[in-house]
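Visitor: I would like a walk through this model, one feature at a time. Could you show me the sequence and structure, and then take my questions?

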Amino acid sequence: MGAVILGTGSCLPQKIVSNNDLEKLVDTSDEWIVSRTGISTRRISGKGEATYQLAAGAAEKAMEMAGVDADSIDLIIVATMSSHMLMPSCACFVQKELGARNAFAYDVNAACSGFLFALDSGDKYLRVDKGKKILVIGTETLSSRTNWEDRNTCILFGDGAGAVVLEYQDNPRGVVASNLFSDGTLWNLLYMHSAPSCNPDLQQPDNPGAHILMEGREVFKYAVKAMEGAIQDLLIRENIDLDAVDLMIPHQANIRILKKLVSRLGIKKEKVFINVQKYGNTSAASIPLALDEANREGRLQRGDLLLVCSFGGGFTWGASLLRW
Ligand code: UT7
């Protein structure tokens, strides 16, 4: 009845950076970071681990699981805000890496909600053009967009990629429904500048460089309320009881946001997949990374109902239900 996930894959940089490592860069402590965020380690990219290379690595694993070769991919949608180039898109670099010569490719930028938005685009595309196979990828190297002197942000983020292969199937499996939102009026609570403009008239005097700036407390407040609202609305609209959800994979932003969300929803915590302690906030990569980990751990059985939700810069947020 919608886009079915045939395979999942993920790819992480080799280098593990601990909270103790960050103590050498900024005035912080392992105790502060763990208690405020739940994060213990994160992966940071090195040479040969650019955004598109992580994406291609994740895509290869997803294609292998799906039993699909690069020639049969028709569309590649990449969710990212940290590609090494603005043009061509990260998706075009992924196409080149994979040798997916029959695919067309483009990027989606919805910050941390990027994967959810890209998944929805893939699902809607497949409902119209049913014979296609689509790669949807979330990939980030936020280490390249982090001010390593700002202790408010540099402790939060990590690098990585996750991917899924989608196919339309005429059965109850697949994406059931999505509920997505944006509110651009709140842009200035979480944002990142581009490189300075070449046109003097368009230069922004307050552009400190292309790194993330955030009002953490405000983001926290909105994130919990927005994700809760998106989930509740979706469940009501689809006439589904929260108890019917077998697994919830939220965007892995911060353990305190997740705990608050879980308690407000009233979902059993054993049903919620969390890996933020290992990878930090990997933005658009966080849901597909967690999805691949959960899948390979056997946390998802055929017919299970999966709930995913996200929140990020824009603001952008939403929730989706999938029948596995
Ligand atoms: O996908 C969405 C992306 N964004 C997020 O998920 C972020 C959401 N926000 C948060 O998770 C939290 O707001 C943070 C973890 C970012 C911060 O936690 P907080 O409890 O809201 O702390 P705060 O910003 O209110 O700062 C409290 C204190 C401040 O010191 P003073 O002014 O009270 O003396 C900060 O300067 O903690 C200080 N602080 C730190 N101390 C040690 C801020 N960062 C650090 C740090 N280490 N890394």
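Visitor: Which helix gives the most to the lining of the largest pocket?
Guide: This is a predicted model, where local features need pLDDT of at least 70 and side-chain atom pairs count only at pLDDT 80 or more, while totals for chains, interfaces and linings use all residues. A pocket is an open set of points on a 1 Å grid over the protein atoms alone, where a 1.4 Å probe fits and protein lies on both sides within 12 Å along at least five of seven lines; lining residues have an atom within 4 Å of a point. At least two lining residues each come from helices H2 (30-37), H6 (216-237) and H7 (255-265) and from strands E9 (190-192), E10 (212-214) and E12, with helices (H or I, at least four residues) and strands (E, at least two) being DSSP runs numbered from the N terminus. The top contributor, with six residues, is H6.

Visitor: How many residues of that lining are charged?
Guide: The largest pocket is lined by 50 residues, with Phe-157, Leu-190, Tyr-191, Ile-212 and Met-214 nearest its centre. Ala, Val, Leu, Ile, Met, Phe, Trp, Tyr, Cys and Pro count as nonpolar, Asp, Glu, Lys and Arg as charged, and the others, Gly among them, as polar. On that scheme the lining has 25 nonpolar residues, 18 polar and, as charged ones, seven.

Visitor: Which residue of E13 is the bridge partner of Ser-178?
Guide: Two strands pair if DSSP finds at least two bridges between them. Strand E8 (residues 174-182) runs antiparallel to E13, joined by eight bridges. On the other pairing, E12 (residues 305-312) also meets E13 in the antiparallel sense over eight bridges, with Leu-306 opposite Leu-322. For Ser-178, the partner in E13 is Ser-320.

Visitor: Why is E13 largely enclosed by the rest of the structure?
Guide: Buried means under 20% relative accessible area, exposed over 50% and partly exposed in between (1.4 Å probe, protein chains only). Strand E13 spans residues 316-323, and it is largely enclosed because the buried ones among its eight residues number seven.

Visitor: Is the ring pair of Tyr-52 and Phe-93 stacked or tilted?
Guide: Side-chain values use heavy atoms, with hydrogens and water left out, and residues are numbered from 1 along each chain as its sequence is written. Rings of Phe, Tyr and Trp (its six-membered ring) pair if their centres lie within 6.5 Å; planes under 30 degrees apart count as stacked, over 60 as edge-to-face and the rest as tilted. Here the centres are 5.2 Å apart and the planes lie at 40°, so the pair is tilted.
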